Amino acid sequence: MREKKNGKPIAELPDEIRHIIRQEVEDGLVDFSSKDFEGATRARLRPAPGTARRRLESLRVAPAVGLALAAVMIGAAILWFAKSPPSPSGPGFLALSLEISPGLMNLQEYPLPSRGGERAVASAATDLVGRALFSAAGAAASSTGPGKEGPVRPVPRTSLEQKMKILYGDRTIERALESFREKFKEV
Amino acid sequence: MTIPGEVLFARLAAYREDVFRLCLGFSRNAADAEDLCHDVFLKAFARVPGLREPAGMRIWLLRIARTTCLDHHRRLRRLPTVPMDSAPDAAAVPPGPEGLSEANEERLRLKAAIRALPRKQREILVLREYAGLSYDDLARILHVRPGTVMSRLNRARKAVTAAFRGEK
């Protein structure tokens, strides 16, 4: 049946051309059907044998590099934390500050201004530390003042020879001789 | 090792001849058509999650085949090689010295006539005459109206007939 568009017939291909095309397609299909197309497609869909092993071998390098990198990072971190001073916000710094100045414990009771943030906190802390140090010095002075016995501290005693060694080292004898000469000159 | 989606593969493979005809129409070479067919099915398997209507699987697959063939032709055009379709396809030629020469001559003449068509006319002629698609299928694959399909096909048929017969 002839195809039509808006009542007008659509041109048809002549039989000779249709025959050539049909023959070409049939020949191609005969050749195509004789092959295992599905099997070949399945084979392409599957990964080639040895691919997984090759991938694993290539990945073996990665863990070694990763381990080495991790070791370096851990070492660097240990060195960093061992050398760095306690951070101002850390518990180590607070413990150290309290050891130096127990008056810092009163920091919580200190009225803070509502605005100002860190600067206000810093000034308050400085103020408290100053006060604590001042009161500590005053207490020490009053406890060792006249009429009161303070704590007796052992005073280290060094002989003249030791002092000379500390001051002049290997040249102790020379210095002693020089001082004798000066004395003789005076005489 | 079993391939996942065995049922799906079987459903897709049911259209392998349609895909092959389409690829043959574009490549005009049985070996190339077979390779293109493999590529189409690999692409289709990879794109199955994007398939919206399982009922329209045939059209979806033929659309993939069309784009694959067009991409293949673009790649060939960029390569500085002698095109495969300049020589007759040995597998598609009937045996015998007389049949060989006649078939070769006619096929080469038809190839030249189809190649001389504008791209859109060539495409619709191949899809209709080689792949045997209906007007509705052509309209869905090419995203045009059925009236456009008919008018374009009308011009293509007239042009290829004139070129084949050596008319101007």
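1. Let me start with a pair in chain B: helix 4 of chain B and helix 7 of chain B are oblique to each other. Please keep in mind that this is a predicted model. The two helices pack at an angle of about 60°, and their axes are 10 Å apart. Their crossing is right-handed. On the side of helix 4 of chain B, the contact uses Arg58(B), Ile59(B), Leu62(B), Arg63(B) and Arg66(B), while helix 7 of chain B brings in Asp137(B), Arg140(B), Ile141(B) and Leu142(B). By class, these residues are 4 nonpolar, no polar and 5 charged.

2. Asp137(B) sits in helix 7 of chain B, which spans residues 135–142. Is Asp137(B) buried or exposed? With a relative accessibility of 13%, Asp137(B) counts as buried, because the cut-off for that label is under 20%. Setting aside residues up to four places away in sequence, Asp137(B) touches Arg58(B) and Ile59(B).

3. The buried ones are Tyr135(B), Asp137(B), Leu138(B), Ala139(B), Ile141(B) and Leu142(B). What covers them includes helix 4, helix 6 (119–130) and helix 8 (146–165) of chain B.

4. Just past the end of helix 7 of chain B comes a backbone detail to check: His143(B) has a positive phi of about 60°. Most residues other than glycine have a negative phi. His143(B) lies in the loop between helix 7 and helix 8 of chain B. Its relative accessible area is 61%, so His143(B) is exposed.

5. Back to helix 4 of chain B, now with another partner. The axes of helix 2 (residues 16–27) of chain B and helix 4 of chain B come within 10 Å and cross at roughly 25°. That angle makes helix 2 of chain B roughly parallel to helix 4 of chain B. The crossing is right-handed. Helix 2 of chain B contributes Asp18(B), Val19(B), Leu22(B), Cys23(B), Phe26(B) and Ser27(B), which meet residues of helix 4 of chain B including Leu61(B), Ala65(B), Cys69(B) and His73(B). The contact divides into 9 nonpolar, 2 polar and 3 charged residues.

6. Which residues have the most contacts inside the largest nonpolar core? They are Leu12(B), Val19(B), Trp60(B) and Leu110(B), in a core of 57 residues. Helix 4 (residues 57–78) of chain B supplies the largest share of this core, with 9 residues. Leaving out neighbours within four places in sequence, Trp60(B) is in contact with Leu12(B), Ala44(B), Arg47(B), Val48(B) and Leu51(B).

7. Finally, a contact between the chains. Helix 2 (residues 37–45) of chain A packs with helix 3 (residues 30–47) of chain B at an angle of about 55°, their axes 10 Å apart. This makes helix 2 of chain A oblique to helix 3 of chain B. Phe37(A), Ala40(A), Thr41(A), Arg44(A) and Leu45(A) form one side of the contact, and the residues of helix 3 of chain B include Cys37(B), Phe41(B) and Phe45(B). Sorted by class, the contact has 7 nonpolar, 2 polar and 3 charged residues.

Note on methods: Residues numbered from 1 in each chain as written. Chains lettered and ligands numbered in written order. Predicted model: local features only at pLDDT ≥ 70, side-chain atom pairs only at ≥ 80, totals over all residues. Heavy atoms only, no water. Core = buried A, V, L, I, M, F, W, Y, C linked by side-chain atoms within 4.5 Å. Buried < 20%, exposed > 50% of the residue type's maximum accessible area, 1.4 Å probe, protein only. Helix = DSSP H or I, 4+ residues; strand = E, 2+ residues; numbered from the N terminus. Contact = heavy atoms within 4.5 Å. Axes fitted to C-alpha atoms, helices over the stretch in contact; angles between N-to-C directions. Parallel < 35°, antiparallel > 145°, perpendicular 65-115°, else oblique. Left-handed = near helix turned anticlockwise from the far one by under 90°. Nonpolar A, V, L, I, M, F, W, Y, C, P; charged D, E, K, R; others polar.
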